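Notes follow in the order I went.

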Amino acid sequence: PIFVIFAAYIVWSLITLIPALNPGEGAVEISKSLIIFAFLILATQVFIKYENAIDLLTKSVLISSLFATGLGFYQYIVNVGGDTVYTQLMAMYEIKGLMAHKNQFAISLFLMLPFSIFGIFTFKRLWRGISVYSTLAIFLNIVILQTRSVWVAALVFMLSFGLIWILFSSNKNIKSIFKKSLIGLSIIVIVAIGSMFIFKNSGTVTLLKHQFSSLFDTKSHNNQGRMLIWNSTARLIGDNPIMGVGPGNWRISIIPYYAQFHGVDYRNWRRPHNDFLWVMSEKGFLGFILYFAIFGMIIFYGFKILLLRKQTDNFLIIVLLLSTLFSYMIIAMFTFPMERINHQIYLMIIMAIIISIYYKGLDEKLLFKTSFGNYIILALFAISIMSIYFSKIQINSDIKVLEINKAMNQKQYKKA
């Protein structure tokens, strides 16, 4: 069913190209959906076929996290400083790892977190030590990057992990529960102490207080921007409820609403900073239902695995991934992980692991239905080639936009 829902979402996306002002933008968006759908299918097959695939993946993520967190610490040391909250905040935006923005860097680190925690309880000796360091380094980076949506997501992750574990764990061994709780508490204490040490030595305690207080301040600049954009997007949805404005066309169709509902401060926003509103505005109510159903089906699979209790060896990874999914959905309400292919790859990996474990626990005949032939692999290869082609067009388009903006800023209007 999950593959049918995902396929239906893509088909409906194609149909919603009809009202699009610029179908070319939609082609790029749909090609991205096709490539991540292809990746989901292939990843599911890998996790079904190879018993040690999750362990190998976890080790790969751990190695990646060492580079990512190390780069984050280095960029923090080199860039962070300033005498005012504003200058310190602007310096923070230079900490972006290999991503284009610090917030997206924080999200990418957060999506590595379930695998690093999984490694602590799964591996031994060297790899366990790497997992502990990776978990601490990821949490520290998340705290010092001060991306508020990821702060909230991390809190949701910890709360949902604890709640799911309490409700579904069949292990009532007091010694085991105490050991796991002690590990979790130790991580929190070390991260808290380490964070305060970093903030004090970099002189950014005031910035930390500002960022924390702005979480609940509806009048702060960023919060005002989001509320205005969401309001404009809601009105755009109200005017186009059935088919939306077409994939990739939000940033075109939203322009008239800027002038109508708010000033010039937020006119450079190219995304509504809410993936669910984004999908509904571009693909209508049905598109939103299908997109939300993808998450709903995966969450259903995860909880059914826990309820059936047939695969106790996978209990930990399922609880971690379900907690991550809930947290991802929180992030998606305040920013735009849907746009970044890095985040989508991690999301598809999370979904593929849950799907594969779910089907492994079912009848062999049902498992056989997920075994696609070589002709499917060829079709997926063709989709990949097409997606690469459209991606190249998008990259060239973005380069031209940057050149135009540069020329405009230098007042070279003829060149622009």
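First, a term I need: I take a cavity to be a set of grid points where a 1.4 Å probe fits but cannot get out, and a lining residue has an atom within 4 Å of such a point. I also jot down that this is a predicted model.

**Entry 1, cavities.** I asked how many cavities of 30 Å³ or more there are. The count came to two. The largest cavity holds about 130 Å³ of space. I listed its lining and got 14 residues, with Phe-6, Tyr-9, Ile-36, Tyr-291 and Gln-344 nearest the centre. Next I looked up which elements give two or more residues to that lining: helix H1 (2–15), helix H2 (23–49), helix H13 (275–308) and H15. Sorted by class, the lining of the largest cavity has ten nonpolar residues, plus two polar and two charged ones.

H2 runs for 27 residues and spans 39 Å from first C-alpha to last, close to the 39 Å expected at 1.5 Å a residue. Is H2 largely enclosed or exposed? I find 20 of its 27 residues buried, so H2 is largely enclosed by the rest of the structure.

Then I moved on to open space. The largest pocket has about 1,400 Å³ in it. I count 39 residues in its lining, and those nearest the centre are Tyr-93, Asn-103, Asn-222, Arg-226 and His-273. Which helix supplies the largest share of this lining? H10 does, with six residues. The helices that each supply at least two residues are H4 (85–92), H5 (102–122), H7 (148–168), H9 (205–214) and H10 (221–239). By class I get 15 nonpolar, 17 polar and seven charged residues for the pocket lining.

Last, I picked a single residue. Arg-340 sits in the loop between helix H14 (315–332) and helix H15 (341–360). Buried or exposed? Arg-340 comes out at 17% relative accessibility, and the cut-off for buried is under 20%, so I log Arg-340 as buried. Its side chain makes a polar contact of 2.8 Å with the side chain of Glu-339. Leaving out residues up to four places away in sequence, I find Arg-340 touching Ala-100, Gln-104 and Arg-271.

Conventions. Residues are numbered from 1 along each chain as its sequence is written. This is a predicted model: local features need pLDDT of at least 70, side-chain atom pairs count only at pLDDT 80 or more; totals for chains, interfaces and linings use all residues. Side-chain values use heavy atoms; hydrogens and water are left out. On a 1 Å grid over the protein atoms alone, a cavity is a set of points where a 1.4 Å probe fits but cannot get out, and a pocket is an open set with protein on both sides within 12 Å along at least five of seven lines; lining residues have an atom within 4 Å of a point. Grid points are joined across faces, edges and corners, and a volume is the space filled by probe spheres set on the points. Helices (H or I, at least four residues) and strands (E, at least two) are DSSP runs, numbered from the N terminus. Ala, Val, Leu, Ile, Met, Phe, Trp, Tyr, Cys and Pro count as nonpolar, Asp, Glu, Lys and Arg as charged, and the others, Gly among them, as polar. Buried means under 20% relative accessible area, exposed over 50%, partly exposed in between (1.4 Å probe, protein chains only). A polar contact is a pair of N or O atoms within 3.5 Å; within protein, one must be able to donate a hydrogen and the other to accept it, and residues adjacent in sequence count only if both atoms are side-chain atoms. Contact means heavy atoms within 4.5 Å. The expected span of a helix is 1.5 Å times one less than its number of residues.
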